[in-house]
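I opened a new structure today and kept notes as I went. Here is what I looked up, one topic at a time.

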Amino acid sequence: MAIEKILKDDASEEKGERARMASFVGAIAITDLVKTTLGPKGMDKILQSTGRGHEVTVTNDGATILKSLHIDNPAAKVLIDISKVQDDEVGDGTTSVVVLAGELLREAEKLVAAKIHPMTIISGYRMAAECARNALLQRVMDNKGNAEKFKSDLMKIARTTLSSKILSQDKEHFAQLAVDAVMRLKGSTNLEAIQIIKKPGGSLKDSFLDEGFILDKKIGLGQPKRIENAKILVANTAMDTDKVKIYGARVRVDSMSKVAEIEGAEKEKMREKVKKIIAHGINCFVNRQLIYNFPEELFADAGILAIEHADFDGIERLALVTGGEIASTFDNPESVKLGHCKLIEEIMIGEDKLIHFSGVEMGQACTVVLRGARYGVKLFPLVVFLVY
């Protein structure tokens with residue numbers, strides 16, 4: 001009886017020694033590729049995309065390099081997955097974990113060639129991993145009770161992380177920024193309290209840690225530039241109902257006066273909505289969506305600072321640090337939780353205007369402002385995570 005064909009016509013099948021050798025070769029090739037980027041003397045790789053535009057990336061980050069590769073070898077794919085998991089869980093060590101796994105496979109190849117069974121090799125590696133873990137546990141130190149030694153340990157962690165990156169020239173400055181930001185948490189596990197803003201321009205040493213929250217938006221014309229003892233309503237609501245936006249909708253009228261009546265009705269509807277928002281007793285309104293000219297004018301007349309089109313991450317973090325909640329309906333002011341801060345003002349960073357919230361309800365909240373080249377400012381967030 002003929003055996004039913006499982007594989008496609010152009011498929012290839014490898015078994016036994018040949019398949020094992022292909023796995024070793026693929027994994028070791030990946031290791032040799034990223035090994036040269038490891039450590040303080042590691043070199044950068046120039047990556048060119050095959051897509052439209054042929055974008056060029058210069059990096060020595062193992063995860064970035066491995067994500068850019070198109071690999072068919074199963075063992076090599078496993079190493080790439082290891083690197084991705086390391087990047088997601090820890091944020092650093094992506095190259096080290098691939099090089100370590102590759103070198104273990106290189107040694108395993110020699111043992112397999114000496115006719116040692118793979119399961120015996122695996123058992124030996126597990127025993128060695130347990131010995132290494134026990135040795136590390138014997139050397140571990142906890143200086144949490146001594147604030148000075150604890151901060152010194154954090155500084156060493158931050159310096160080590162920065163040693164192989166482009167920031168290594170200014171690692172003292174950035175290590176201090178990362179440690180100061182984490183120390184402000186005072187034992188809290190909420191990293192959302194640390195905001196990181198990237199503003200290309202200036203030098204790396206112009207980066208600084210600021211108390212409070214900075215929103216990357218401008219204050220509109222005719223609105224107050226400074227508000228003390230602010231009561232903030234953070235919202236995600238449409239402020240453009242003065243326009244008909246229903247797809248395919250048509251309004252037929254027999255005179256221009258009817259058009260004016262429709263526009264007037266829509267404006268009145270928006271006026272009522274603005275009145276409901278003002279009734280919350282606020283002096284600052286931050287909205288995720290656009291605020292059109294008419295409602296913005298009404299807010300300005302009421303002396304309320306209206307900030308539109310704030311990014312979703314920005315308003316979520318703003319609500320968190322000011323102690324408020326994001327609202328979408330305004331019929332019951334008593335059910336809406338407002339945010340509070342001591343001062344809202346417009347500041348300049350480089351050539352850009354931003355809005356600064358100081359004296360926020362969450363006292364440990366802070367913002368790290370990164371300056372310098374685009375390549376440098378991308379590396380700092382993982383340092384904060386590792387120090388944490």
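These are my entries, starting with the whole chain and then going to single residues.

**Entry 1: the whole chain**

First thing to write down: this is a predicted model. I looked up the secondary structure and got twelve helices and twelve strands. The chain has 388 residues, and 35% of them are buried. Then I checked contacts between residues at least 6 apart in sequence, and 69% of these join residues at least 24 apart.

**Entry 2: helix α1**

Does the length of helix α1 agree or disagree with what its residue count says it should span? Helix α1 covers residues 16-35, which makes 20 residues, and at 1.5 Å a residue the span should be 28 Å. The C-alpha atoms at its ends are 29 Å apart, so the two values agree.

Next I asked which residues of α1 are buried. My list reads Phe24, Gly26, Ala27, Ile28, Ile30, Thr31 and Val34. I also looked up what these buried residues pack against: α2 (62-67), α3 (74-89) and α4 (94-113).

**Entry 3: the nonpolar cores**

The largest nonpolar core has 40 residues. Which of them touch the most other members? I found Leu215, Ile232, Val286, Ile307, Ile344 and Phe357. Helix α7 (residues 171-183) gives the most to this core, namely six residues.

Not counting residues up to four places away in sequence, Val286 touches Leu215, Ile232, Leu233, Val234, Ala235, Ile307, Ala310, Ile315 and Leu318. There is also a second, separate core of 18 residues, and Met239, Ile282, Ile291 and Leu298 are among them.

**Entry 4: cysteines**

How many disulfides does the whole structure have? My search turned up zero.

Cys341 is in no disulfide, and the nearest cysteine sulfur, which belongs to Cys284, is 7.4 Å away. Buried or exposed? Cys341 has a relative accessible area of 4%, so it is buried. Cys131 has a relative accessible area of 54%, so I put it down as exposed.

Ser207 sits in the loop between β3 (194-198) and β4 (208-211). Its relative accessibility is 2%, so it counts as buried. I left aside its neighbours within four places in sequence and found Ser207 in contact with His173, Phe174, Leu177, Val369, Leu370 and Arg371.

Gln223 is in the loop between β5 (213-215) and β6 (226-235). At 5% relative accessibility, Gln223 counts as buried too. What does its side chain reach? The answer is the backbone nitrogen of Ala306, at 2.8 Å. Leaving aside neighbours within four places in sequence, I listed the contacts of Gln223 as Glu296, Ala300, Ile304, Leu305 and Ala306.

Leu338 lies in the loop between β9 (326-327) and β10 (339-349). I got 15% for its relative accessibility; the cut-off for buried is under 20%, so Leu338 counts as buried. Ile326 is twelve residues away from Leu338 along the chain, and their C-alpha atoms are separated by 8.7 Å. Apart from residues up to four places away in sequence, Leu338 touches Lys231, Ile232, Leu233, His280, Ile282, Gly323 and Gly324.

**Entry 5: positive phi**

Last, I looked up backbone angles. Lys115 is not a glycine, yet its phi is positive, about 65°. I placed Lys115 in the loop between α4 and α5 (118-139). Its relative accessibility is 75%, so Lys115 counts as exposed.

Asn229 is not a glycine either, and its phi is positive at about 50°. Where is Asn229 found? It is in strand β6. At 59% relative accessibility, Asn229 counts as exposed.

How values were computed
Residues are numbered from 1 along each chain as its sequence is written. This is a predicted model: local features need pLDDT of at least 70, side-chain atom pairs count only at pLDDT 80 or more; totals for chains, interfaces and linings use all residues. Side-chain values use heavy atoms; hydrogens and water are left out. Helices (H or I, at least four residues) and strands (E, at least two) are DSSP runs, numbered from the N terminus. Buried means under 20% relative accessible area, exposed over 50%, partly exposed in between (1.4 Å probe, protein chains only). Contact means heavy atoms within 4.5 Å. The expected span of a helix is 1.5 Å times one less than its number of residues. A disulfide is a pair of cysteine sulfur atoms within 2.5 Å. A nonpolar core is a set of buried Ala, Val, Leu, Ile, Met, Phe, Trp, Tyr and Cys residues joined through side-chain atoms within 4.5 Å. A polar contact is a pair of N or O atoms within 3.5 Å; within protein, one must be able to donate a hydrogen and the other to accept it, and residues adjacent in sequence count only if both atoms are side-chain atoms.
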